[in-house]
Amino acid sequence: MDEASKPNQISNTSEKVALLFRKRMEVANEELAKRLGPASAGNAEPSPSSMPFSLDPRAWYSYTLDATQRSILFWDTLRQRGNSFLENAAQGLKPVLHFDSEMVADGRTFERPVNYALLRIKPPEGVTVNPAQRPYIIIDPRAGHGPGIGGFKDDSQVGVALRAGHPVYFVIFFRDPEPDQTLLDVCQAEQLFVKKVRSLHPDAAKPAIVGNCQGGWAAMMLAASDPDETGPIVINGAPMSYWGGAFSEGEGDNPMRYAGGMLGGTWLATLMADLGNGKFDGAHLVQNFENLNPANSLWDKYYHVFDNADTEPPRFLEFERWWGGYYLMNREEIEWITRNLFVGNKLWGGDVEAASGKSFDLREIKAPIVLLASMGDNITPPQQAFNWVVDVYGSTEEIKARGQVIVGLLHESVGHLGIFVSGKVAKKEHAQIVSVLKTIEGLAPGVYAMNITEIGDEEGETQYEVDFDERRLEDIAARLNRFERSDEKAFEAVAAVSDVIQKSYEHFAQPFVQAVSNDRTAKQMRAWHPLRVQNWAISDLNPWLWWLAPAAQTVKEDRRAIAESNPLRQAEKANAEMVSTSLDYYRAMRDALTEASFFSMYANPFSRYLVAQKEVQAGASEGKVDARESSIVRDTLALTDEGGYVEALARVGFLLKRKGVRLPLSRLELRQELHSEYADYLPDIAPHDWRRVRGKQEIIAQYEPERAVATLPQLLHDDSERERFVGLLAKITADERVQDTSPDDEQVAMLDRIRHVLAKNKVERMRRPAASKHATH
């Protein structure tokens, strides 16, 4: 980008920020008026008959008794939460897995010890797993909470994989990290876990790696550092491109991505780790999540318990057992995360080195990648889940040439936690991913949208139908990033400012902070963190609450609930909704102001000056370049006349693709019952090598179709291979078991042309020896 264009870019960004600020304010005001209703907006007057003061005294008495009883049950629920918190803390915190398990590898015993372990999930009664089926390895996020959310209940990622007959393994971690443990050590430990699983299932396909949230980038690092060991990668709600987010009218805002800039970068995480005597308290990360939605954190989840005091406590306590367990990290771990991911956003750029000294290159991943994100996720918006693909590969052609398959699945509304916790998501999205993973491995290289359609069977049961639509990477980038990611320019300024503040802290403040910190002060600071205080303060540890448990038991024995139609009950709900709406309105105002303030600080001329030599790479959206002129296409077309039977087979498969109807070469691979019959015709190469061949041959067939046909004889110069190839074409075009529909006119014409070219070349080759012999005589 030239210097003259920068002022215009800054001006355009400022105008967009101002426009979006006004738009977000308007949306917040409209939502406030909608939720509070006409009466609260001053458009209606309450009638005397609707006011609770005119009610019969008996109604007042019934409501007061019911509300008092619910209050006692509510506070007793919080007391139980506090007791559970203390019990879990005393036991060192345990995974919240719903399933029984056994440990098969303990990272604390490795040469480089880490606080990770590998569990084998035991199938519940009535569920049988097949050791020869592909095993699943699930990695939960280490983002303040403990492990287990991927197997939190029966309808979960663990549950759907077990019911499909797959062995399931779960990567857990303990509360306290090992001394000097780093995230690169963790990555090496996870590599050993994968090797262990493969040794336990030697006859099975390579294990599928499932990563949730931050477990997603851990899974990607694992696959990039050891690509020959892993099977398909499934990452759910994983923030791979931390600078991405919604930045246009009509879309939600994503306040989490502005936190790094508003807090001055990475130095605060280092400070907290220093105050913790080298340990970073995960409660700080959980507090960030709580702050995202003050209505839920301060009111909604508690009122829901109060409102449903007879039925809600078990669910509330089960979730809080996970939500209230706070884990620790070493200083080196949190600094690596903040510098390379949260603020630096370096993973996709190949700027992060593995323990071997080699950079993590996500293009080295050989297995297909499935990305699950949600439009309702304000922690990891779809842009953060998908933009890395644009940054890493740059074009659709490069994905094909590298033999990669990337499948995207987008939920319309579920929130961040719902991606992992929701039973509906588990039974639909996660179950279908498990069911079609083999199909995904058989797809030709490219980018696909996975669509799940609900259908009803004859018995009225809900069934699902899955199909894949191939998309161009450039179109996906344009859809997700309507302002061409110009807003991400400001985040590079954040990284530059963060480096300055980090170095200043390390030179001037860190020695003093470390000198005054010790284990005693660190434990006290953790104990008095607000999130912990709210747990232990309302527990049996508090002597002032000695009466609460007996009172709750008395209430349960003589519970007198009132009907939901009671006017006072309805008035209570209306008031609760007003409180929730007010907090949501505050959040909307806060987030809009935060967004505007962020860009005012980091999109101004001075901030841009700090990073004048480091322009953010915005992938394919930075400018429209003719794909044919790209180096990847030119290099691939130069190989048109090189190869053999395998290349010819892949090329013809794409030459015969017309109007979305593909000659069933790909379908043949997916029909396991036909493998033995066609074994002599199919290539005997590794799946990734076959996908790479197919990707390059598709580029040749797409950009040089005439030359692609004309050079087929050069690929099939061996007579036996040519006969084998022609025999395969004849066999599959006549096999009704393979074909879904008859070949159309274009496919028939292309088949005839291919046969003609091969036959003509064969005749010419036969004439050459005769002509040579005649010339000799």
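Residues are numbered from 1 along each chain as its sequence is written, and side-chain values use heavy atoms, with hydrogens and water left out. Because the model is predicted, local features need pLDDT of at least 70 and side-chain atom pairs count only at pLDDT 80 or more, while totals for chains, interfaces and linings use all residues.

The structure contains eight cavities of 30 Å³ or more. A cavity is a set of points, on a 1 Å grid over the protein atoms alone, where a 1.4 Å probe fits but cannot get out. Grid points are joined across faces, edges and corners, and a volume is the space filled by probe spheres set on the points. The largest cavity holds about 160 Å³ of space. Its lining (residues with an atom within 4 Å of a point) consists of 16 residues, and Tyr116, Leu183, Gln214, Trp217 and Ala218 lie nearest the centre. Helix 4 (183–200) and helix 5 (214–225) are the elements that give two or more residues to this lining. Helices are DSSP runs (H or I, at least four residues), numbered from the N terminus. Helix 5 supplies the largest share of the lining, five residues. By class, the lining of the largest cavity has eleven nonpolar residues (Ala, Val, Leu, Ile, Met, Phe, Trp, Tyr, Cys and Pro), three charged (Asp, Glu, Lys and Arg) and two polar (the others, Gly among them).

Helix 2 (residues 57–90) has 34 residues and should span 50 Å at 1.5 Å a residue; its end C-alpha atoms are 49 Å apart, which agrees. The expected span is 1.5 Å times one less than the number of residues. Just after helix 2, Gly92 has a positive phi of about 85°.

Two packed helices are described by the angle between their axes and the distance between the axes. Axes are lines fitted to C-alpha atoms, for helices over the stretch in contact, and angles run from 0 to 180 degrees between N-to-C directions. Helix 2 packs against helix 9 (residues 294–307) at about 125°, with the axes 8 Å apart. Helix 25 (residues 645–655) and helix 28 (residues 687–703) pack at about 50°, with their axes 8 Å apart, which makes helix 25 oblique to helix 28.

Terms used:
On a 1 Å grid over the protein atoms alone, a cavity is a set of points where a 1.4 Å probe fits but cannot get out, and a pocket is an open set with protein on both sides within 12 Å along at least five of seven lines; lining residues have an atom within 4 Å of a point. Angles under 35 degrees count as roughly parallel, over 145 as roughly antiparallel, 65 to 115 as roughly perpendicular and the rest as oblique.
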